[in-house]
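Dear colleague,

Please find below the structure that I am handing over to you. My findings follow directly after it.

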Amino acid sequence: MPTREEILVLGLTAGVLGSLVGGLMLGVGLGLAVNGAHVGWLLVLPAAPVSGLLGYILARRLARQLPK
């Protein structure tokens, strides 16, 4: 069973990692789109789902530690 500490670290890690990756994708994509490169939208549109997917992957890794 995961401890409170592991769950807290999971939440913090998922939040920070998701914010960094999603924010970077959003910033670079919007920068490209504003300057006329339409390929920037390929970074902007999946920014939120990708950041959420990272949290999901981290949670699955922690869930594997649960006793069966």
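The lining of the largest pocket comprises 4 nonpolar, 2 polar and 2 charged residues (Ala, Val, Leu, Ile, Met, Phe, Trp, Tyr, Cys and Pro count as nonpolar, Asp, Glu, Lys and Arg as charged, and the others, Gly among them, as polar). A pocket here is an open set of points on a 1 Å grid over the protein atoms alone, where a 1.4 Å probe fits, with protein on both sides within 12 Å along at least five of seven lines; lining residues have an atom within 4 Å of a point. The lining residues are Glu6, Val9, Leu10, Thr13, Leu58, Arg61, Leu62 and Gln65. Two or more of them come from each of α1 (4-34) and α3 (47-63), and α1 gives the largest share, 4 residues.

The model is predicted: local features need pLDDT of at least 70, side-chain atom pairs count only at pLDDT 80 or more, and totals for chains, interfaces and linings use all residues. Residues are numbered from 1 along each chain as its sequence is written, and side-chain values use heavy atoms, leaving out hydrogens and water.

Serine 51 belongs to helix α3 (helices are DSSP runs of H or I, at least four residues, numbered from the N terminus). Serine 51 has a relative accessible area of 17% and is therefore buried (under 20%, with a 1.4 Å probe and protein chains only). A polar atom of its side chain lies 2.8 Å from the backbone oxygen of alanine 48.

The protein chain has 3 helices and 0 strands (strands are DSSP runs of E, at least two residues).

Yours sincerely

Notes:
Buried means under 20% relative accessible area, exposed over 50%, partly exposed in between (1.4 Å probe, protein chains only). A polar contact is a pair of N or O atoms within 3.5 Å; within protein, one must be able to donate a hydrogen and the other to accept it, and residues adjacent in sequence count only if both atoms are side-chain atoms.
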